[in-house]
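Work through the exercises below with the sequence and the structure in view. Each task is followed by its solution.

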Amino acid sequence: MLLTNLESVPGRTIVRHLGLVNGSTVRAKHAGKDFLAGLKNLVGGELKAYTELLNESREEAIQRMVAQTQAAGGNAVVNIRFSTANIAGGAAEVMAYGTAVFVE
Amino acid sequence: MDLIIGFVVFVVLMVVGRVFGGLAEKRHFEQIKRRENDLRNILVFNESRPSADLSAREAQLVVGAVVIGEDYFKRFAAALKSIFGGRLTAYESLVDRGRREAILRMKEQAHAVGAKMIFNVRMETSTLSDDSNPKALFSAEFIAYGTALIGAPAT
């Protein structure tokens, strides 16, 4: 599976366009880790527990997007975008979306 | 009595934020400058179409992300400054630090796969703090991502 946020895959030709695919996950950041993050917050700076949480979420979102692409018969996703949103109740949604294509 | 305890807690939080938070930030900036210098050979572009002579390279998505939170001193300093408006230097350094760290992590990923160029770089910031709780400290996620072209010669 080729993943890129360019409009095409360098060195390949897009032969079929399979439409928009997306993957997202919602994770609560106020689980167990939150206590340590709260302590860390006193000093400010990087909140590693959250960085890790969001990186895991992003991986998961990409995996779901890839699964959709495979289901549509694609072998690449182009023009990928990410977005993170703060949802009520201290949860964060991480989303990845792009265009599924078949390249040769 | 409650007032005194409240005041002591306030002073402790201010001092912790100012001294330890300030020190940590200073160290982080020094580290950022060093790493930026080390990764100077990785070229970053935000144009979406690499020139034709580069197009035969392998492409790989690279992402760098970091969550940075404020401390109580920054919050207090910013709240005070907001009365008069103008530059909030306490937050300027926070976002600068976050964004540069995210770019560095993206570059480090590119470096790990042997890429010398990253195209179509996009940056994003999103706040993570709980809006329903006004006492909660502010934190934000900074993301930088792009497509690394592997094997492209640095020019």
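**Exercise 1.** Find the bridge partner of Gly45(A) in β2(B), then state the sense in which the two strands pair.

Solution. Start at Gly45(A): its bridge partner in β2(B) is Gly69(B). Next, take the strands as a whole: β3 of chain A, residues 45-46, and β2(B) pair in the antiparallel sense over two bridges. Strands pair here if DSSP finds at least two bridges between them. Strands (E, at least two residues) and helices (H or I, at least four) are DSSP runs, numbered from the N terminus.

The model is predicted: local features need pLDDT of at least 70, side-chain atom pairs count only at pLDDT 80 or more, and totals for chains, interfaces and linings use all residues. Residues are numbered from 1 along each chain as its sequence is written, while chains are lettered from A and ligands numbered from 1 in the order in which they are written.

**Exercise 2.** Describe the contact of the two chains from the side of chain B.

Solution. Two residues are in contact if their C-beta atoms, placed from the backbone, lie within 7 Å. The contact takes 44 residues from chain B and 32 from chain A. On the side of chain B, the elements giving two or more residues are α1 (2-38), β2, α2 (72-84), β3 and β4. Sorted by class, this side has 20 nonpolar, 13 polar and eleven charged residues. Ala, Val, Leu, Ile, Met, Phe, Trp, Tyr, Cys and Pro count as nonpolar, Asp, Glu, Lys and Arg as charged, and the others, Gly among them, as polar.

**Exercise 3.** Are Asn79(A) and Asn120(B) buried or partly exposed?

Solution. A residue is buried with 20 or more other C-beta atoms within 10 Å of its own, exposed with 12 or fewer, and partly exposed in between; C-beta atoms are placed from the backbone. Asn79(A), in strand β4 of chain A, is partly exposed because it has 17 C-beta neighbours inside 10 Å. Asn120(B), in strand β3 of chain B, is buried because it has 21. Phi is near 55° in Asn79(A) and near 55° in Asn120(B).
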